[in-house]
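Me: I am new to this structure and would like to know what stands behind the words used for it. Could we go through them one at a time?

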Amino acid sequence: MRKRTFASVLYKFFSATDDRRLWSRIKDMVDERNVNSLQFFSVLFTVVLSVVSVGAIFIPSMKEGFYIYVFTLGVCVLMLIFTQVFVVRKKLCFLALPVLYIMLFLSFVFGIAIGTRWNNPMPAVTFVVFLVISPLMICDKPWRIDTAVLLVVGIFIYIDRTHKPDSIFFFDLMNTVAFYIISIVINSYNQGRYVKEFSSAQSIAHQRDTDSLSGVMTKRAFELYVRRALLEPGIKGVLMIIDIDNFKRVNDTLGHARGDEFIAKTGTVLRSLFRQTDRIGRFGGDEFVIFVSEVVSADVVMQKANEVRTTLRKVFSSEMNYSNFSVSIGCTFFSGEDNYDSLFLQMDGVLYEAKRSGKDRCKIFEKK
């Protein structure tokens, strides 16, 4: 068991994990969580401020803050519209986090403004409440949220000191420091809970979507990925289907255990030959399909196919003591106008042509 140092414990407390790469691996889940949070809080703030603004018209004790309520309501409405148009409909999920930080800052500014607006100064209540709930709004590394909140706390203390008597100021100061510390603890716990949840979900999804023998995506996971990718605007690239030649003979003469080794080795080699942004899936016993984006040149595709054939032959000859290894490859180009079923028929058709023409070669589907 690895001995944990004080520095590592501190790092985990302010980062919610001791795995420095975990946040990048769960980025999609974090973005989705922030989009949902942004939708919820933008609607919540808009509704609450609408009620408060109307109440300020009829309740004398609230009239002093009327203009603050209305201004903040207007900003919330604009953020709600921005969220629905750009973040949700246009699926610009990366905007959710900065918008949430703006909303967080806005909520604190609202709390500060309310606390200094009244003619009769009172201890800060709204600001302290926001200190406690702020960690629940955002999914991000704890130290980032703590730093943002600390900046606002500094502004609050400065303004509070200049607008309130000493007795109320020192009361607010003690409350603010105490609740900021509580906010840090809540934030670290909450972000740690998110990280564990996302990490577990990612691990389960990986096991479900990964072929245990070859280490590439399962057929179902691959098809789902490609169908979704084809819906993205401006998408283009090539689909490649790779079939091991004479694989049945390998199973019949060398045994199924040896055949499994061939599948596993093929998956390993293919993963090393393609980019992390490309996707590889295993279809059936000895077929692999590869999704390669942003490649539209037939010469580049043919060069890559020849690299695949040559590398596999060398690896199987040197590491597997099998000199007759070869693959046939069928390819078809795609764009957002294509559908997956038609693309599969195209590349499967040219794969059959490659097999029929003598195997150990690549064919590219020619679109009319």
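Reply: Gladly, and let us start with exposure: a residue is called buried under 20% relative accessible area, exposed over 50%, and partly exposed in between, using a 1.4 Å probe and protein chains only. Please keep in mind that this is a predicted model, where local features need pLDDT of at least 70 and side-chain atom pairs count only at pLDDT 80 or more, while totals for chains, interfaces and linings use all residues. Residues are numbered from 1 along each chain as its sequence is written, and side-chain values use heavy atoms, with hydrogens and water left out.

Me: Why is Arg208 called exposed?

Reply: Its relative accessible area is 54%, and exposed means over 50%, so Arg208 counts as exposed.

Me: What makes the contact between Arg208 and Asp209 a salt bridge?

Reply: A salt bridge needs a side-chain nitrogen of Lys or Arg within 4 Å of a carboxyl oxygen of Asp or Glu. In Arg208 and Asp209 the closest N and O atoms are 2.9 Å apart, so the pair meets that rule. By this rule the count comes to 18 salt bridges.

Me: Why are Asp252 and Lys248 said to be separated by about one helical turn?

Reply: Because they are 4 residues apart in helix H10, residues 247-254. Helices here are DSSP runs (H or I, at least four residues), strands are runs of E with at least two, and both are numbered from the N terminus. Asp252 and Lys248 also form a salt bridge, with the closest N and O atoms 2.9 Å apart. Asp252 is exposed at 53% relative accessible area, and Lys248 is exposed at 62%.

Me: What makes the salt bridge of Asp360 and Arg309 a tie between parts of the chain?

Reply: The N to O distance in this salt bridge is 3.2 Å. Asp360 lies in the loop between helix H13 (340-356) and strand E5 (362-364), and Arg309 lies in helix H12 (residues 298-319), so the pair ties together parts that are 51 residues apart in sequence. Asp360 is partly exposed at 25% relative accessibility, whereas Arg309 is buried at 16%. Elsewhere, salt bridges that share partners join Asp160, Lys164 and Asp172 into one network.

Me: How do you know that Val226 is buried?

Reply: Its relative accessible area is 1%, and buried means under 20%, so Val226 is buried. This residue is in helix H9, and its C-alpha is 9.6 Å from that of Leu239, 13 residues away in sequence.

Me: Why does Ser188 count as buried?

Reply: Because its relative accessibility is 8%, and the limit for buried is under 20%. Ser188 lies in helix H8. Ser188 and Phe14 are 174 residues apart in sequence, with 6.3 Å between their C-alpha atoms.

Me: How do you know which residues line the largest pocket?

Reply: On a 1 Å grid over the protein atoms alone, a pocket is an open set of points where a 1.4 Å probe fits, with protein on both sides within 12 Å along at least five of seven lines, and lining residues have an atom within 4 Å of a point. The largest pocket is lined by 44 residues, and Asp28, Met217, Tyr225, Arg228 and Arg279 lie nearest its centre. Elements that give two or more residues to this lining include helix H3 (27-58), helix H8 (166-209) and strand E2 (279-283).

Me: What is the make-up of that lining?

Reply: It divides into 20 nonpolar, 8 polar and 16 charged residues. Here Ala, Val, Leu, Ile, Met, Phe, Trp, Tyr, Cys and Pro count as nonpolar, Asp, Glu, Lys and Arg as charged, and the others, Gly among them, as polar.
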